[in-house]
Amino acid sequence: MTRAGHIVSLLALALVSAGAATARAQQSDLVKRGEYLERAADCEVCHTAPGGTPYAGGRAFDLPGIGRIYAPNITPDRETGIGAYTDAQFESAVRMGVAPGWKHLYPVMPYASYARMTPDDVRAIRAYLATLPAVHAPAPPNVVRFPYNIRAVMLAWNLLYRPSSPLADEPGRSAAWNRGRYLVEAAGHCAECHSPRTMLQATSRDRSYAGAVTNGWIAYNISSDPDSGIGAWNDSQLTDYLSTGHADGRGTAAGPMAEVVGHSLRYLTPQDIAAMVTYLRSLPARPANETITAVAPDALASASLSHSDGAGLFAGACAGCHLTDGKGRQVDFAALWGARAFGEIRGRNLVRVMLEGSRLDTAHGAMTMPAFGPEYRDQDLADIANFAIGHFGNRVGHVTAHDVAEARASPSAP
C-alpha cells in the first residue's frame with residue numbers, strides 16, 4: 001500500500017470510529033431521556049407487584065363491574081416481557097392500546113392519556129426499558145367478566161375515547177403552561193386516578209379532576225376548587241407536595257400517591273414541577289362529591305385528648321410519633337395537621353393507611369408508617385379513625401367496625 005493509500009485508510013478508520021462514537025453518544029442521550037420520561041410516566045409503580053421485581057409485572061387492578069387485571073412484564077425478556085417487540089409495536093401498545101397479535105388492552109393501562117404523548121418520547125422510553133435486566137415473569141391470567149372478556153369490544157371504546165393525536169401546544173399559553181399540560185394530561189396521566197369514571201370506564205369529562213376512588217383509595221380532588229380541591233393551596237405547598245410528598249399544612253402523601261411521588265415526581269426537574277403547578281392552577285374548579293376540609297394547626301394548639309376509647313388508643317399507638325397536636329415528632333413527614341384524610345368522615349384513606357401502612361421514598365430515605373397488626377380489632381381501628389377525624393378534622397367520623405372489616409377483606413395491593 002502506498003503512503004497515500006495508508007493515509008486514506010487511516011482517515012476512513014477515523015471517520016468510522018468517530019461515527020460510531022457519535023452513534024453511541026446519541027443512544028446514551030436517548031436512553032437518559034427515556035429514563036426521565038419513564039419517571040414522568042410512572043411506569044415502574046404499575047408494572048411492579050408488591051414486593052416483586054421492578055417492571056416485571058403482576059400488580060393487580062380491580063375494575064368495578066369488569067374484573068381483575070394484572071399488569072404485564074415490561075422488562076426486555078423475549079418470552080414474557082417486551083424484548084421481542086419492535087419500536088412500532090411498543091408505540092402501538094402504549095399509545096394505541098393494541099399489543100402485538102392485535103391484542104387490545106384494557107383502559108386500566110392509561111393509553112388514552114399516553115396517546116397524547118409524542119411518538120419520539122414513547123420510543124425514548126422503549127430505549128430505556130431495553131437497558132433493564134430481562135426477567136422471566138409471566139403475568140397471572142386476568143379475571144374479566146362477560147362481555148369485557150371479548151377484547152374486540154375495545155375497538156368501540158377506542159373510537160369513542162382514545163385521542164387520535166399527541167397534544168399540540170395551545171397558542172396564547174405560556175411555555176410553562178403547555179409543558180405542564182403535557183406532563184399532567186399525557187405523560188403523568190393524572191386524570192386517570194383523580195377523575196371519576198363512567199359506566200364504560202372512561203374518565204369523566206364533566207367531573208375531571210374532582211376526585212375518585214381507585215383500588216380502595218380516594219384520589220383527592222385536584223381541581224382549583226378552594227374547598228375540596230387545591231384552590232386554597234399556595235404555590236409553595238403544591239411544589240413541596242409534588243416534589244417531596246409533604247407540604248406544611250397539607251399533610252403527607254400516603255398509599256398510591258406516595259408511590260407516585262417516590263418513584264416519579266421527585267425525580268422531575270424544578271422547572272417541570274413548576275410547569276405542573278402552573279397547569280394545575282388553571283384547571284376549572286369542580287366540587288368533590290363530599291367536601292373534605294382541614295383544620296389549621298393553630299386551631300389545634302390547645303387540643304387535648306378526650307376520654308373516648310379512640311383517644312386512649314391514639315395516645316398509646318400514634319401520639320409517640322405524631323404528637324397530640326399532630327405536628328409530628330422528629331420529621332415533618334409525621335405531621336398530621338392539614339391532611340385531607342381527616343376531613344373525610346368515612347375515613348377510607350385513613351383506614352387504608354392503618355391497615356396497610358405506607359412508604360414514601362424521599363431524598364432523605366424512606367419515611368414509613370407501619371401497618372397496625374392483628375392485635376388491633378376492627379372496632380379499635382374504627383375508634384382511632386373516628387377520634388382522629390374529630391380531633392384533627394373537626395368533623396364527626398362515621399367509620400364502623402364493618403368498614404374496617406371490609407377494607408381488610410379487600411386490600412388495595414393484593
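**Contacts and helix packing in a predicted model**

Student: Of the contacts between residues at least 6 apart in sequence, what share joins residues at least 24 apart?
Tutor: In the protein chain, 65% of those contacts join residues at least 24 apart, where contact means heavy atoms within 4.5 Å. This is a predicted model, in which local features need pLDDT of at least 70 and side-chain atom pairs count only at pLDDT 80 or more, while totals for chains, interfaces and linings use all residues. Residues are numbered from 1 along each chain as its sequence is written, and side-chain values use heavy atoms, with hydrogens and water left out.

Student: How many helices and strands are there?
Tutor: The protein chain has 16 helices and eleven strands. These are DSSP runs numbered from the N terminus, with helices (H or I) of at least four residues and strands (E) of at least two.

Student: And how much of the chain is buried?
Tutor: Of its 414 residues, 46% count as buried. Buried means under 20% relative accessible area, exposed over 50%, and partly exposed in between (1.4 Å probe, protein chains only).

Student: Which residues of H9 are buried?
Tutor: In helix H9 (residues 235–244) they are Gln237, Leu238, Tyr241 and Leu242. Seen down the axis of H9, these fall within an arc of 120 degrees, so they line one face of the helix. The arc is taken from the directions from the helix axis to the C-beta atoms.

Student: What covers them?
Tutor: The cover includes strands S8 (246–247) and S9 (251–252), together with helices H10 (255–263) and H11 (270–281). Just after H9, glycine 245 has a positive phi of about 90 degrees.

Student: Which residues of H10 are buried, then?
Tutor: Gly255, Ala258, Val261 and Gly262 are the buried residues of H10. They lie within an arc of 105 degrees when seen down the axis of H10, so they too line one face of their helix. They pack against strand S7 (217–219), H9 and strand S10 (358–362).

Student: Changing topic: is tryptophan 157 buried or exposed?
Tutor: Tryptophan 157 counts as buried, because its relative accessibility is 8%. The residue is found in helix H6 (residues 153–161).

Student: What does tryptophan 157 touch?
Tutor: Leaving aside residues up to four places away in sequence, tryptophan 157 touches Pro107, Tyr111, Ala112, Arg162, Leu200, Gln201 and Ala202. The C-alpha atoms of tryptophan 157 and glutamine 201 are separated by 9.2 Å, with the two residues 44 apart along the chain.
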